[in-house]
Amino acid sequence: MAIITLTTDLGLKDYYVSAVKGSILSQLPDVTIVDISHLIPSFNLQEAAYVLKNSFPNFPEGTVHIIGVNTELSVNTPPVGIELSGHFFIGADNGIFSLMFDKVPDKIVELSIQHDTSNPNFPTRDIFAKAACHLARGGTLELLGSLKSSVNERILFRPVSVGDNLRGTIIYIDSYNNAVTNITKNLLKEAGKGRNFSIRFGSHEIDKLSKTYQDVVEGEILALYNAAGHLEIAMNRGKASQLLNLHMGDTITVAFQ
Amino acid sequence: MAIITLTTDLGLKDYYVSAVKGSILSQLPDVTIVDISHLIPSFNLQEAAYVLKNSFPNFPEGTVHIIGVNTELSVNTPPVGIELSGHFFIGADNGIFSLMFDKVPDKIVELSIQHDTSNPNFPTRDIFAKAACHLARGGTLELLGSLKSSVNERILFRPVSVGDNLRGTIIYIDSYNNAVTNITKNLLKEAGKGRNFSIRFGSHEIDKLSKTYQDVVEGEILALYNAAGHLEIAMNRGKASQLLNLHMGDTITVAFQ
Amino acid sequence: MAIITLTTDLGLKDYYVSAVKGSILSQLPDVTIVDISHLIPSFNLQEAAYVLKNSFPNFPEGTVHIIGVNTELSVNTPPVGIELSGHFFIGADNGIFSLMFDKVPDKIVELSIQHDTSNPNFPTRDIFAKAACHLARGGTLELLGSLKSSVNERILFRPVSVGDNLRGTIIYIDSYNNAVTNITKNLLKEAGKGRNFSIRFGSHEIDKLSKTYQDVVEGEILALYNAAGHLEIAMNRGKASQLLNLHMGDTITVAFQ
């Protein structure tokens, strides 16, 4: 069965998510719809990108991923369909694709889907769902509009090297209160060239990387590479971000010796 | 595949919703179950009606919609099955159907489903799910009980005309903090007869209807017809109800010139 | 279609739950995945056990239930697969199975699933999902590892008899603020031997068991056997635990006459 996933900031209490699902099922009865998350903070592209980037590779090739965050459409942010690594992505070209992908998409199409323009405020249901059903049915991207060569770029804070230090920021705080940084395992290894290092933030210093959350005693701070390959500050069975007062955008320094 | 939807106040943390789904899947393995919302505020029929009314038309005909809000059954609020516009609805006849439908249902049946009366506190699982599976399998409403001619009425505050003003109230606040009124596009057009108007609430006045949320600059107040066709007070990328101190039941006045 | 259920503390905002679902669908496209709950309080085995124990009997035999709470694996808490009453359960042997089952499982297998040990922090996706797909496909438990004779025991506070009193505790508070005790209908009947009784907690006393929530007037306290067969303190359309200041672990006394 074809799979369509949904990543939105539509929330869980309103009728919005179910309207999208009803519309999909009306067009394609035999489809599996999977919620990635509907609790993306309103209009937060960075969090949407982190969530979907780490979720989509778990799905089989051919899966269609709808992104319903910042969906307002304009000449500068048209609806697009994208193919990358055998997956399809549908959303507004508001910069999210540049945040999500490390490489250039295999194909980008600006969608020219017909819809009722008297009610322009629900493109996730009225445009993206249509395009997704077409792709899930095995239709081609090319049929949905005209090819284009690039997506809108959005600048993302990347870790910077300052002397013997690598400075990153906290880009995501999960529901366990783990603080995820934008420093990946690959980046740290490349910058470190085998040197020892300690991790500093606020008045804290961690001089050993853990492999699992249980490598330290309960309630103790630790740093590890999380399942997404990012350096993460956590606490064994504790709420790191809350207890250590860590927030989105805070600086984390890896100091090499 | 047959579709059964669920609109309840059962919440997301407990075992209740999954018990209903398990019961459905035990009776009808090949069914698609869709959550409309389980975060209806406890016992709030008006919100349940707004949510389901705007969701169900997105689903294909033949879909069965279970309503698990205020499900206590009594002689005065018996379980019923309803057919309207090709959709089926199952719930307690507690007044919700009069809040949800603008027209008389095509068919109303008082359900006489057998169930274990020693445990009467979970009719959504023990009665509604059974009836829904029967209908989803293609069974008839008539087989589930005896026809009746009307449902219980519940009085809903409707907008009133006072001189050159139309006075409505806020009936729903969504997860973006948009404040939805009970003034629909149709009603406003009918009452306005082409005249200009301004929208007043508290100390605020909006004298232009926007078409989309982005018609004003970020952080500015606006009014528009939302995707459900209701007049809505919003803020471009802001939390209108919170910042403007708008609450359920507050008065909104449309003043015609 | 095979059914796999998920009971976790992964929350709803992150990518974690969808990663598990993507992994399952990559291995077994024709499966129905049902969320039991992802809002188990972090690391809370007792709540996870209460939720899944009351949910799973609603599903058809052959259903596979994944438990993603306290999933850290060690020599003392290995991954296991369990068969009981025709259902399968997959999780870490951290004591949850002793909290959940009143009888000895029909079969217990310690799983020896191959996985990437460089990333050990997501066993629900990397180990449990694999085992679940094998079972959902009709594979045998025995093929997944070696049989063992018992699971880890965790001590649970059970109600105690003190003179003519039965003393229990509050083990769960649901989203309606109903306070569920560990005193079951069977236990109370056995201890009571037909005597009358009153239920005492804090400065409150209830001397009559209700059958439904509406047996008392709105806003009044009541006690009843809930749909799970546990003695529960509730309030008709009110929030009992909040208004009566009831918390997990509080004592409830049944005083027989």
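The paragraphs below go through a helix, a sheet and a single residue of this predicted model.

We start with helix α5 of chain A, which runs over residues 185-192. Three of its residues, L188(A), A191(A) and G192(A), are buried. They cover an arc of only 95° around the axis, which puts them on the same side of α5(A). An α-helix has 3.6 residues a turn, so residues three or four places apart point the same way. The face of α5(A) turned away from the buried side carries N186(A), K189(A) and E190(A), which are exposed.

What do the buried residues of α5(A) pack against? Their partners are strands of chain A: β9 (165-173), β10 (179-184), β11 (197-201), β13 (221-225), β14 (230-235) and β15 (251-256). After α5(A) comes K193(A), and its phi is positive, near 45°.

Next comes a sheet in chain B. Seven strands make up this open sheet, and their order is β2-β1-β3-β5-β4-β6-β7, with mixed pairing. At the edges are β2 (31-37) and β7 (145-148) of chain B, each of which pairs on one side only. From one strand to the next, the twist averages 25°.

One pair of strands can be followed in detail. Strand β4 (residues 79-84) and strand β5 (residues 87-92) of chain B pair in the antiparallel sense, over six bridges. Within this pair, G81(B) stands opposite I90(B) in β5(B).

Helices pack on the sheet as well. Helix α1 of chain A (residues 16-27) packs on it and touches β1 (2-8) and β2 of chain B. The direction of α1 of chain A makes about 155° with that of β2(B). Helix α4 of chain B (residues 123-136) also packs on the sheet, touching β1, β3 (64-68), β4, β5 and β6 (107-111) of chain B. Its direction makes about 170° with that of β3(B).

The last stop is N70(B), found in the loop between β3 and β4 of chain B. Is N70(B) buried or exposed? N70(B) has a relative accessible area of 7%, and buried means under 20%, so this residue counts as buried. Leaving aside residues up to four places away in sequence, N70(B) touches D9(B), F43(B), L45(B), A92(B) and N94(B), together with R237(C) from chain C. With F43(B) there is also a polar atom pair to look at: a polar atom of the N70(B) side chain lies 3.5 Å from the backbone oxygen of F43(B).

Key. Residues numbered from 1 in each chain as written. Chains lettered and ligands numbered in written order. Predicted model: local features only at pLDDT ≥ 70, side-chain atom pairs only at ≥ 80, totals over all residues. Heavy atoms only, no water. Buried < 20%, exposed > 50% of the residue type's maximum accessible area, 1.4 Å probe, protein only. Helix = DSSP H or I, 4+ residues; strand = E, 2+ residues; numbered from the N terminus. Arc of directions from axis to C-beta. Contact = heavy atoms within 4.5 Å. Pairing = 2+ DSSP bridges. Axes fitted to C-alpha atoms, helices over the stretch in contact; angles between N-to-C directions. Polar contact = N/O pair within 3.5 Å; in protein donor to acceptor, adjacent residues only side chain to side chain.
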